[in-house]
Amino acid sequence: CYRRADEELYTQNETVLHPANFPHTEDAAGCCLVDTGRLGTVRVINLMGVAWLEPIDNPFTRVDELLAKTEARYTVVDFHAESTAEKKAMAFYLDGRVSAVFGTHTHVLTADEQILPGGTGYISDAGMAGPVHSVIGIAPEGAVQKQRLHVPVRFAVPEEGPMMLNAVLFTLDDGTGLCTAVQRIDRRSYGS
(Lines give C-alpha, C1' and ligand atoms only; values in the text may rest on other atoms or scores of the structure.)
Protein backbone atom coordinates (compact mmCIF):
# COMPACT_ATOMS: atom_id res chain seq x y z
CA CYS A 1 0.00 0.00 0.00
CA TYR A 2 2.95 2.37 0.49
CA ARG A 3 4.66 1.88 -2.87
CA ARG A 4 1.58 1.57 -5.06
CA ALA A 5 -0.87 4.04 -3.60
CA ASP A 6 -1.12 7.76 -3.26
CA GLU A 7 -2.63 9.61 -0.32
CA GLU A 8 -6.10 9.54 -1.94
CA LEU A 9 -6.38 5.85 -1.06
CA TYR A 10 -6.48 6.87 2.60
CA THR A 11 -8.31 10.18 2.37
CA GLN A 12 -11.17 8.84 0.24
CA ASN A 13 -11.58 5.48 2.01
CA GLU A 14 -11.99 6.00 5.74
CA THR A 15 -11.56 2.31 6.61
CA VAL A 16 -8.26 1.91 4.72
CA LEU A 17 -5.55 2.71 7.22
CA HIS A 18 -1.82 3.19 7.27
CA PRO A 19 0.25 3.41 10.46
CA ALA A 20 -0.92 6.29 12.62
CA ASN A 21 2.64 6.93 13.80
CA PHE A 22 4.02 7.74 10.36
CA PRO A 23 5.30 11.32 10.56
CA HIS A 24 2.74 13.94 9.48
CA THR A 25 -0.11 11.39 9.45
CA GLU A 26 -3.62 12.69 9.95
CA ASP A 27 -5.67 10.89 12.60
CA ALA A 28 -8.14 9.61 10.00
CA ALA A 29 -5.36 7.88 8.03
CA GLY A 30 -4.31 5.76 11.01
CA CYS A 31 -7.52 5.39 13.03
CA CYS A 32 -11.13 4.86 12.03
CA LEU A 33 -14.41 4.63 13.87
CA VAL A 34 -17.04 2.19 12.64
CA ASP A 35 -20.61 2.56 13.90
CA THR A 36 -22.08 -0.94 14.36
CA GLY A 37 -25.50 0.29 15.41
CA ARG A 38 -26.82 -1.09 18.69
CA LEU A 39 -23.44 -2.57 19.68
CA GLY A 40 -21.74 0.82 19.54
CA THR A 41 -18.59 2.06 17.93
CA VAL A 42 -15.52 0.04 17.00
CA ARG A 43 -12.29 2.01 16.85
CA VAL A 44 -9.52 0.47 14.73
CA ILE A 45 -5.97 1.78 15.12
CA ASN A 46 -3.02 0.83 12.94
CA LEU A 47 0.49 1.36 14.30
CA MET A 48 3.98 0.39 13.17
CA GLY A 49 6.79 -0.72 15.42
CA VAL A 50 10.23 0.84 15.42
CA ALA A 51 12.52 -2.11 16.30
CA TRP A 52 14.49 -3.16 13.18
CA LEU A 53 12.28 -1.03 10.92
CA GLU A 54 12.62 2.45 9.44
CA PRO A 55 12.61 5.20 12.07
CA ILE A 56 9.16 6.71 12.56
CA ASP A 57 7.25 8.37 15.40
CA ASN A 58 6.88 6.59 18.74
CA PRO A 59 3.87 4.20 18.55
CA PHE A 60 3.30 4.32 22.34
CA THR A 61 2.96 8.11 22.34
CA ARG A 62 0.78 8.09 19.24
CA VAL A 63 -1.67 5.49 20.53
CA ASP A 64 -2.15 7.53 23.72
CA GLU A 65 -3.00 10.59 21.60
CA LEU A 66 -5.56 8.65 19.56
CA LEU A 67 -7.20 7.03 22.59
CA ALA A 68 -7.59 10.45 24.23
CA LYS A 69 -9.31 12.00 21.17
CA THR A 70 -12.26 9.65 20.64
CA GLU A 71 -14.55 7.31 22.55
CA ALA A 72 -15.45 3.79 21.46
CA ARG A 73 -16.92 0.73 23.14
CA TYR A 74 -14.42 -1.53 21.38
CA THR A 75 -10.87 -0.73 20.27
CA VAL A 76 -8.78 -3.07 18.14
CA VAL A 77 -5.09 -2.30 17.50
CA ASP A 78 -3.21 -3.75 14.52
CA PHE A 79 0.47 -3.43 15.46
CA HIS A 80 2.66 -3.99 12.41
CA ALA A 81 6.08 -4.78 13.88
CA GLU A 82 9.09 -7.01 13.46
CA SER A 83 9.85 -7.67 17.13
CA THR A 84 7.53 -9.93 19.11
CA ALA A 85 8.89 -8.28 22.27
CA GLU A 86 7.78 -4.86 21.01
CA LYS A 87 4.35 -6.26 20.11
CA LYS A 88 3.91 -7.84 23.54
CA ALA A 89 5.11 -4.68 25.31
CA MET A 90 2.50 -2.66 23.38
CA ALA A 91 -0.20 -5.14 24.39
CA PHE A 92 0.71 -4.91 28.06
CA TYR A 93 0.91 -1.11 27.78
CA LEU A 94 -2.65 -1.06 26.41
CA ASP A 95 -4.00 -3.86 28.62
CA GLY A 96 -7.42 -2.92 29.97
CA ARG A 97 -7.64 0.16 27.72
CA VAL A 98 -8.31 -1.61 24.41
CA SER A 99 -10.24 -4.73 23.42
CA ALA A 100 -7.52 -6.48 21.45
CA VAL A 101 -4.00 -6.09 20.05
CA PHE A 102 -2.86 -8.28 17.20
CA GLY A 103 0.48 -8.23 15.50
CA THR A 104 1.15 -8.34 11.79
CA HIS A 105 4.24 -8.31 9.55
CA THR A 106 5.94 -11.69 9.99
CA HIS A 107 3.21 -13.58 8.05
CA VAL A 108 3.36 -16.50 10.50
CA LEU A 109 0.37 -17.32 12.72
CA THR A 110 1.76 -17.49 16.25
CA ALA A 111 0.57 -19.82 19.01
CA ASP A 112 0.63 -17.27 21.85
CA GLU A 113 -2.98 -16.07 21.85
CA GLN A 114 -4.11 -15.00 25.30
CA ILE A 115 -6.18 -12.63 27.38
CA LEU A 116 -3.96 -10.30 29.40
CA PRO A 117 -4.73 -9.61 33.09
CA GLY A 118 -6.64 -6.38 32.32
CA GLY A 119 -8.87 -8.04 29.72
CA THR A 120 -7.12 -7.22 26.43
CA GLY A 121 -6.94 -10.03 23.88
CA TYR A 122 -3.55 -10.58 22.25
CA ILE A 123 -1.65 -12.56 19.63
CA SER A 124 1.85 -11.76 18.29
CA ASP A 125 1.00 -12.36 14.62
CA ALA A 126 -2.28 -13.01 12.85
CA GLY A 127 -0.50 -14.87 10.04
CA MET A 128 -1.33 -14.57 6.35
CA ALA A 129 -3.55 -15.62 3.52
CA GLY A 130 -1.62 -17.16 0.64
CA PRO A 131 0.27 -20.16 -0.66
CA VAL A 132 1.28 -22.84 1.83
CA HIS A 133 4.49 -23.69 -0.05
CA SER A 134 5.95 -20.19 0.01
CA VAL A 135 8.19 -17.89 2.01
CA ILE A 136 5.75 -15.41 3.55
CA GLY A 137 3.60 -15.64 0.43
CA ILE A 138 6.25 -15.46 -2.28
CA ALA A 139 7.77 -18.19 -4.44
CA PRO A 140 10.55 -19.93 -2.50
CA GLU A 141 13.08 -19.61 -5.34
CA GLY A 142 13.09 -15.81 -5.19
CA ALA A 143 13.33 -15.76 -1.41
CA VAL A 144 16.22 -18.22 -1.43
CA GLN A 145 18.05 -16.19 -4.09
CA LYS A 146 17.62 -12.97 -2.11
CA GLN A 147 18.84 -14.51 1.16
CA ARG A 148 21.67 -16.51 -0.40
CA LEU A 149 23.08 -13.92 -2.80
CA HIS A 150 21.96 -10.63 -1.18
CA VAL A 151 20.82 -9.19 -4.50
CA PRO A 152 17.58 -7.43 -5.42
CA VAL A 153 14.98 -9.91 -6.63
CA ARG A 154 11.55 -9.42 -8.19
CA PHE A 155 9.30 -11.58 -6.06
CA ALA A 156 6.58 -13.76 -7.59
CA VAL A 157 3.61 -15.46 -6.00
CA PRO A 158 3.24 -19.20 -6.65
CA GLU A 159 0.45 -19.60 -9.21
CA GLU A 160 -0.91 -22.91 -7.99
CA GLY A 161 -0.76 -25.25 -5.07
CA PRO A 162 -2.26 -25.48 -1.61
CA MET A 163 -3.49 -22.30 0.02
CA MET A 164 -3.87 -21.16 3.61
CA LEU A 165 -5.93 -18.61 5.50
CA ASN A 166 -4.84 -17.46 8.96
CA ALA A 167 -6.94 -15.24 11.18
CA VAL A 168 -7.77 -14.50 14.80
CA LEU A 169 -11.23 -14.35 16.35
CA PHE A 170 -11.57 -12.11 19.42
CA THR A 171 -14.80 -12.46 21.38
CA LEU A 172 -15.60 -9.16 23.12
CA ASP A 173 -17.90 -8.39 26.02
CA ASP A 174 -20.72 -6.00 25.07
CA GLY A 175 -20.65 -4.29 28.46
CA THR A 176 -16.94 -3.77 29.08
CA GLY A 177 -15.64 -3.91 25.50
CA LEU A 178 -12.88 -6.22 26.72
CA CYS A 179 -11.92 -9.66 25.44
CA THR A 180 -13.47 -12.88 26.76
CA ALA A 181 -11.90 -15.36 24.30
CA VAL A 182 -9.22 -15.54 21.63
CA GLN A 183 -9.12 -18.21 18.93
CA ARG A 184 -6.47 -18.79 16.27
CA ILE A 185 -7.81 -19.79 12.86
CA ASP A 186 -5.62 -21.79 10.47
CA ARG A 187 -7.37 -23.18 7.41
CA ARG A 188 -5.53 -24.96 4.61
CA SER A 189 -6.78 -26.27 1.31
CA TYR A 190 -4.60 -28.86 -0.34
CA GLY A 191 -7.14 -29.56 -3.09
CA SER A 192 -6.81 -32.44 -5.49
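This is a predicted model: local features need pLDDT of at least 70, side-chain atom pairs count only at pLDDT 80 or more; totals for chains, interfaces and linings use all residues.
Local features are given where pLDDT is at least 70, side-chain atom pairs count only at pLDDT 80 or more, and totals for chains, interfaces and linings use all residues. Residues are numbered from 1 along each chain as its sequence is written, and side-chain values use heavy atoms, leaving out hydrogens and water.

The chain contains five helices and nine strands. Helices (H or I, at least four residues) and strands (E, at least two) are DSSP runs, numbered from the N terminus. Along the sequence their order is α-α-β-β-α-β-α-β-β-β-β-α-β-β. The radius of gyration is 18 Å, close to the 16 Å that the globule rule gives for 192 residues, so the chain is as compact as a globular protein of that length. This radius is taken over C-alpha atoms, and the rule is 2.2 Å times the number of residues to the power 0.38. The C-alpha trace spans about 50 × 40 × 30 Å along its principal axes.

Of the 192 residues, 41% are buried. Buried means under 20% relative accessible area, exposed means over 50%, and partly exposed lies in between (1.4 Å probe, protein chains only). The chain exposes about 11200 Å², and carbon and sulfur atoms supply 54% of this area. Accessible areas come from the Shrake-Rupley method with a 1.4 Å probe; for residues, only the protein chains shown count as cover. A contact means heavy atoms within 4.5 Å. Among contacts with a separation of 6 or more, 54% join residues 24 or more positions apart.

Helix H3 covers residues 59-69, and its buried residues are Pro59, Arg62, Val63, Leu66 and Leu67. They span an arc of only 135° around the axis, which puts them on the same side of H3. The arc is that of the directions from the helix axis to the C-beta atoms. The face turned away from this buried side carries exposed Ala68 and Lys69. The cover over the buried residues of H3 includes helix H2 (27-30), strand E1 (31-35), strand E2 (41-48), strand E3 (74-80) and helix H4 (84-94). At the start of H3, a side-chain oxygen of Asn58 comes to within 2.7 Å of the backbone nitrogen of Phe60.

The largest nonpolar core has 17 residues. Such a core is a set of buried Ala, Val, Leu, Ile, Met, Phe, Trp, Tyr and Cys residues joined through side-chain atoms within 4.5 Å. Ile45, Leu47, Val63, Val77, Leu94 and Val101 touch the most other members. E2, H3, E3 and H4 each supply at least two residues of this core. Beyond residues up to four places away in sequence, Leu94 touches Val63, Leu67, Val77, Val101 and Thr120. Another core, of ten residues, lies apart from the largest one; among its members are Val76, Phe102, Leu109 and Ala126.

Val76 sits in strand E3. Val76 is buried, with a relative accessible area of 18%. Setting aside neighbours within four places in sequence, Val76 contacts Arg43, Val44, Ile45, Ala100 and Phe102. Val76 and Ser99 are 23 residues apart in sequence, yet their C-alpha atoms are 5.7 Å apart.

Gly137 lies in the loop between strand E7 (129-131) and helix H5 (140-149). Gly137 is also buried, with a relative accessible area of 12%.

Technical notes: A polar contact is a pair of N or O atoms within 3.5 Å; within protein, one must be able to donate a hydrogen and the other to accept it, and residues adjacent in sequence count only if both atoms are side-chain atoms.
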